[in-house]
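Q: I'm new to this one, so could you walk me through it slowly, starting with the aromatic rings?

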Amino acid sequence: MFKSIAQPPAFRQLLRRQGIRWSSSCAATVQSPSFPCVDAHAARESRIIASSVSRLSQPPLAPSPDSGPEPPYARPNPLSYNTWGTLSPTRDNVILLHTGLSASSHAASTTLNQTQGWWEKFIGPGKALDTNQFFIICTNVLGGCYGSTGPSSVDPTTGKHYATRFPILSIFDMVKAQFKLLDSIGVDRLYASVGSSMGAMQSLAAGWLFPERVGKIVSISGTARSSPGSIAMRHAQRSVLMADPNWNNGFYYDGLPPHAGMKLARQIATITYRSGPEWDLRFGRKTPTLCPEFLIETYLDHQGEQFCLKYDANSLLYISKAMDLFDLTLPALEQLDMSPSQPSSLPSSTVSAASQGAALLKSHPPPSNPAPHLPELAKGLSPLASMPVLVLGVQSDILFPVDQQREIVDALRMAGNSQVSYFELGGVWGHDTFLLDVLNVGGAVRGFLS
């Protein structure tokens, strides 16, 4: 005959957390396990279905121009954009601000839409992009879902969403569309092209495509050549998204969107946006269960939940693939039948800066073991040889590591550019430093532009 054994409270608490009840006769009774994270997924799907039924039963509403910074699947136009500041009579004070992968053109609040934008603290009077001096334009990229034409847009020839019938895009396509917009408003030349992350790719591409139309370039936490590491991360995001049955080969607009795949994709992306040291500072540890229990797990779960219905899944696929394809080395450009144009002639106002170029280069020594592709990248970047360029890198960035920022600087120097400024920032914010470090990022940008 077994005797009852008193179990310590901590042990009994652990059993309860695992769905096990301890009886007085020492018999462990297994209860049905509970998975709140799975229940939340089912509840989200039920809400989507109910919302779809309600929406289909109501007449369509006219969209509001100020319905929020990032209305989902917003009003497709050829290219959606926002502006801040005043255009000078000579139209020579224009800065084109490029977005990251999932950002809208709402970079800062406006009189029509006072919701804070994604670069709110960097745009305005006396800020990095000083609206007392400059006229700033920010577009939603071609292929996006916040106003510009993309996979969620309706094909006028069929009356149906493009979905995956939409053509494959490149960063160059996005920039060409932006310059079509500049043509339409009578802007012949930019004072500067500014971008972070994927926006930094666009900023470099703008100078490459239109060297005679770009005065300065700012590249923050970007790259001139997508690396295998970042391609792998984006491939993982696309894989989980396309594995969601609701994705339906991209034709989901009349049914359930692939919300589970989008949530997982966002969680993978979020891991690359910050750094391990920051996780250590922000999040502690708890006794785990199969559903999110560690603070870092609940944080990732929240990020995925917030994003999964706000952004179009097909836009994520198309734009992330465009990032993978970006490569400014000469052989890659030649495969696209693109040849570097001649560098723009150096304006007289920048001659003195060119003569001081040696001082700017001291911030980064030449590489001791240069990458094999560096000479080809230098040849590809030759159109930027006469253009002032600011490059910012972040030591804790794992998505676009500082090696890639140094590579841009080295290639530009090899191409003959003596007007490259490079700053390498510390801190624990990782790739998202460009959104958070107003003092250092904002200070460097403002100083370079002025």
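Q: Are Y162 and F166 buried or exposed?
A: Both Y162 and F166 are buried, where buried means under 20% relative accessible area, exposed means over 50%, and partly exposed lies in between (1.4 Å probe, protein chains only). This is a predicted model, in which local features need pLDDT of at least 70 and side-chain atom pairs count only at pLDDT 80 or more, while totals for chains, interfaces and linings use all residues. Residues are numbered from 1 along each chain as its sequence is written, and side-chain values use heavy atoms, with hydrogens and water left out.

Q: How many aromatic pairs does a search of the whole structure find?
A: The search of the whole structure finds 11 aromatic pairs, counting rings of Phe, Tyr and Trp (its six-membered ring) whose centres lie within 6.5 Å, with planes under 30 degrees apart called stacked, over 60 edge-to-face and the rest tilted.

Q: And why is the pair of Y162 and F166 edge-to-face?
A: The ring centres of Y162 and F166 are 5.4 Å apart and the planes stand at 75°, so this pair is edge-to-face.

Q: What about F172 and W208, what kind of pair do they form?
A: F172 and W208 form a tilted pair, with 5.7 Å from centre to centre and 55° between the planes. F172 belongs to helix 3 (residues 171-184) and W208 to helix 4 (residues 198-209), so their pair ties together parts that are 36 residues apart in sequence. Helices (H or I, at least four residues) and strands (E, at least two) are DSSP runs, numbered from the N terminus. F172 counts as buried at 5% relative accessibility, and W208 counts as buried at 4%.

Q: Which residues do ring pairs link into a cluster?
A: Ring pairs link W118, W119 and F122 into a cluster.

Q: Switching to charges, which charged ends sit over rings?
A: The charged end of K216 sits over the ring of F448, 5.2 Å from its centre, and the charged end of R266 sits over the ring of F307, 4.1 Å from its centre. The criterion is that NZ of Lys or CZ of Arg is within 6 Å of the ring centre and within 35 degrees of the ring normal.

Q: How is a cavity told from a pocket?
A: On a 1 Å grid over the protein atoms alone, a cavity is a set of points where a 1.4 Å probe fits but cannot get out, whereas a pocket is an open set with protein on both sides within 12 Å along at least five of seven lines, and lining residues have an atom within 4 Å of a point. Grid points are joined across faces, edges and corners, and a volume is the space filled by probe spheres set on the points.

Q: Which helix gives the most to the lining of the largest cavity?
A: Helix 6 gives the most, with 5 residues.

Q: What about the second largest pocket, which residues lie nearest its centre?
A: The second largest pocket has a volume of about 1000 Å³ and is lined by 40 residues, of which S102, W118, R266, D432 and L435 lie nearest its centre. Helix 5, helix 6, helix 8 (295-307) and helix 15 (433-436) each supply at least two residues of that lining.

Q: New topic: how many residues of strand 14 are buried?
A: In strand 14 (residues 389-394), 6 of its 6 residues are buried. Both faces are covered, with V389, V391 and G393 on one side and L390, L392 and V394 on the other.

Q: Which strands does strand 14 pair with?
A: Strand 14 runs parallel to strand 13, joined by 4 bridges, and pairs in the parallel sense with strand 15 (residues 420-425) over 6 bridges, where pairing requires that DSSP finds at least two bridges between two strands. V389 is the bridge partner of I217, while G393 stands opposite E424 in strand 15.

Q: Last one: what is the phi of S221, and where is S221 found?
A: S221 has a positive phi of about 50° although it is not a glycine, and S221 is found in the loop between strand 13 (217-220) and helix 5 (228-242). At 0% relative accessibility, S221 counts as buried.
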